Amino acid sequence: MRIIVVGAGKLGYSIAELLSKEQFDVVVIDKDESQLEAAKNTLDVLTIAANGASPITMDDPDVRDADILIAVTASDEVNMVACVLAKKHGIKHTIARIRDMKFMSEAKEYLKKNFDIDLMLNPELITANEINRILMTPAALDVEDFAHGKIRLFETKIQRKSSLAGIPLKDIQLPSGVLAGMIFRDHRMIIPHGDDCFQPHDNAYFIGIPEEIEKFSQKFVQRDARKLHRVLIIGAGRAGRALAQQLDEQGVHVKVIDRDRERCQLMAGMLTKGIAICGDGTDIDLLVEEDVAQADVVVCLTEDDKLNLMLALLARHLSGNKTKTVVRVSRNEYVELMEKVGVNIVLSTRLLSASEVLAFARRGGVVSVSLLEGAKAEAVEVIVQEGAPVAGKKLMEVKLPRECLVCAYVRNGEASIPNGHTILQPGDRIILFIQTQFSQQVIKYFKGKE
């Protein structure tokens, strides 16, 4: 499968990197040759220095008739034009990065229909939605919903005093609708078995029916987790504005700090209870004055990764390590580092967007992909196809690779946790945990014969 990526900026590079690792035939286009240098020197891709929104470029033999075009330049208009031209030149599917929130809220269906765009990406909105989901679930490091909300993934950090620590999984009485699906320990993915134990500082992933996951999170994990009342957001860019508005609508008291007066005025007009403050988020006096120590969560959403880290550590210091911190990063490699130095939740905007692109590129029954632990593992939703190797057989007889686990399935709108005797049927929606490097190998078990 040949995939064209128009725009070699940070997002374009991340998408090209992920797709090339999946053995797709990737072509990266950018009119700025200096932007192409990183992709040319470090990725197994073809690079073309040209205007991605030009009919001449689209007629290039390496471009026309490709399977997918992904337009992720900094200009919405260029991305839309690239998608229109792509369809005219035989490219079957198109994905466009659309940053304008008005386009996403008021003209999404119009753009899809009239500009031939199959998938629209708004990285800032994706990030805001993800942070909102996590914040509204106490003690969660990550929350994902699958199968139209029938299945929920819940990630948490095992605390030293946790009632789950040190006990073999076979002796832990989890609710009937909840499965301990995966452990990340010392950068290693572990598919747990009955004799395995959770250890302090493990990142533990549970999956199951949302109602049971909700009860489980309240009963077992971080009993001192407080209901969300006050959130301080530093950075009133697109992601900050979208998140603040979502929290405000849910009754959370929001304060937003940004240096840009115009952004603050825009933000203030969107909030009903919250306030926007024009000021420097690194000003300790301002943070003290605005009661940063009393905030339940401080969310750092500036454009500067290093500044976000400093702000998060400053908030932790001023609150005596009581305030939860959330940081948005552009560079994926910073995720692990920030978690090590004490930031509670670190999200990569690029990885969140790349997850959606990856699911679209794989297709063939794959509905969604969530990249976990800096893309070392994946939670994948896939529909079992007619003639798939797993169809009609007991799971214990299929001999799936050890690097994956079938966590849950939905049949006729009913969610269930499988066991070795479960027989999967065509049309079932399956949720899998997979070690990323084995994903292509594993997904073949759920696809029909081509």
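The structure is a predicted model, and the protein in it contains 16 helices and 22 strands. Its radius of gyration is 23 Å, which agrees with the value near 22 Å that a compact globule of 450 residues would have.

**Overall dimensions and burial**

- Taken along the principal axes, the C-alpha trace of the protein extends over about 60 × 60 × 40 Å.
- Of the 450 residues in the protein, 55% are buried, where burial stands for a relative accessible area under 20%.

**Packing of helix α1 with helix α14**

- Helix α1, formed by residues 10–21, packs with helix α14, formed by residues 349–362, and the two axes are 9 Å apart at an angle of about 45°.
- The crossing in which α1 passes α14 is right-handed.
- On the α1 side the contact is made by Lys 10, Leu 11, Ser 14, Ile 15, Leu 18 and Leu 19, while α14 contributes Arg 350, Ser 353, Ala 354, Val 357, Leu 358 and Ala 361.
- By residue class, the contact of α1 with α14 is made up of eight nonpolar, two polar and two charged residues.

**Loop residues with positive phi**

- Most residues other than glycine have a negative phi, and two residues are described here with that background in mind.
- His 148, which is not a glycine, has a positive phi near 55°, and its place is in the loop that runs between β7 (142–146) and β8 (151–157).
- The relative accessibility of His 148 is 71%, so this residue counts as exposed, the cut-off for that class being over 50%.
- Asp 186, likewise a residue other than glycine, has a positive phi near 50°, and this residue is found in the loop between β9 (178–185) and β10 (188–190).
- Asp 186 also counts as exposed, because its relative accessibility is 64%.

Notes. Residues are numbered from 1 along each chain as its sequence is written. This is a predicted model: local features need pLDDT of at least 70, side-chain atom pairs count only at pLDDT 80 or more; totals for chains, interfaces and linings use all residues. Side-chain values use heavy atoms; hydrogens and water are left out. Axes are lines fitted to C-alpha atoms, for helices over the stretch in contact, and angles run from 0 to 180 degrees between N-to-C directions. Helices (H or I, at least four residues) and strands (E, at least two) are DSSP runs, numbered from the N terminus. A crossing is left-handed if the near helix is turned anticlockwise from the far one by less than a right angle, and right-handed if clockwise. Contact means heavy atoms within 4.5 Å. Ala, Val, Leu, Ile, Met, Phe, Trp, Tyr, Cys and Pro count as nonpolar, Asp, Glu, Lys and Arg as charged, and the others, Gly among them, as polar. The radius of gyration is taken over C-alpha atoms; the globule rule is 2.2 Å times the number of residues to the power 0.38. Buried means under 20% relative accessible area, exposed over 50%, partly exposed in between (1.4 Å probe, protein chains only).
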